[in-house]
Amino acid sequence: KADASGAACTFTLPAVAGVTGRQYTIIKSDSSANIVTIDGAGAETINGQTTYVLRTQYEYVTIICTVSEWLVIGR
């Protein structure tokens, strides 16, 4: 759960090495206009992009680690 009510926030994912199959679900819990940014470690990507952004209350994303990147499997 990510609360950006005070300011925009960033959730940095762990490096993909050694966490293949790990899943995370991140949800923006507040109604503010501040964004929640999910960031891959270093140059690692999420669906080919370096970041994924949640903008609205209750918006969420579920991601899974492959051998070389993070993939969105639900939103």
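Buried means under 20% relative accessible area, exposed over 50%, and partly exposed in between, with a 1.4 Å probe and protein chains only. The model is predicted: local features need pLDDT of at least 70 and side-chain atom pairs count only at pLDDT 80 or more, while totals for chains, interfaces and linings use all residues. Residues are numbered from 1 along each chain as its sequence is written, and side-chain values use heavy atoms, with hydrogens and water left out.

Select T62. T62 is buried, at a relative accessible area of 12%, and lies in strand β5; strands (E, at least two residues) are DSSP runs numbered from the N terminus. Its contacts (heavy atoms within 4.5 Å), leaving aside neighbours within four places in sequence, are Q23, Y24, T25, L71, V72, I73 and G74.

Next, show the sheet. β2, β5 and β6 form an open sheet in the order β2-β5-β6, with antiparallel pairing; two strands pair if DSSP finds at least two bridges between them. The edge strands, each pairing on one side only, are β2 (23-27) and β6 (70-74). Select residues 60-65 for β5, which pairs with β2 over 5 bridges in the antiparallel sense. Within this pairing, find Y24 opposite I63 in β5.

Finally, select K28 and D30. Their side chains meet in a salt bridge at 2.8 Å, N to O. A salt bridge is a side-chain nitrogen of Lys or Arg within 4 Å of a carboxyl oxygen of Asp or Glu, and the count by this rule is 1. K28 is buried at a relative accessible area of 0%; D30 is buried at 6%.

Conventions
Helices (H or I, at least four residues) and strands (E, at least two) are DSSP runs, numbered from the N terminus.
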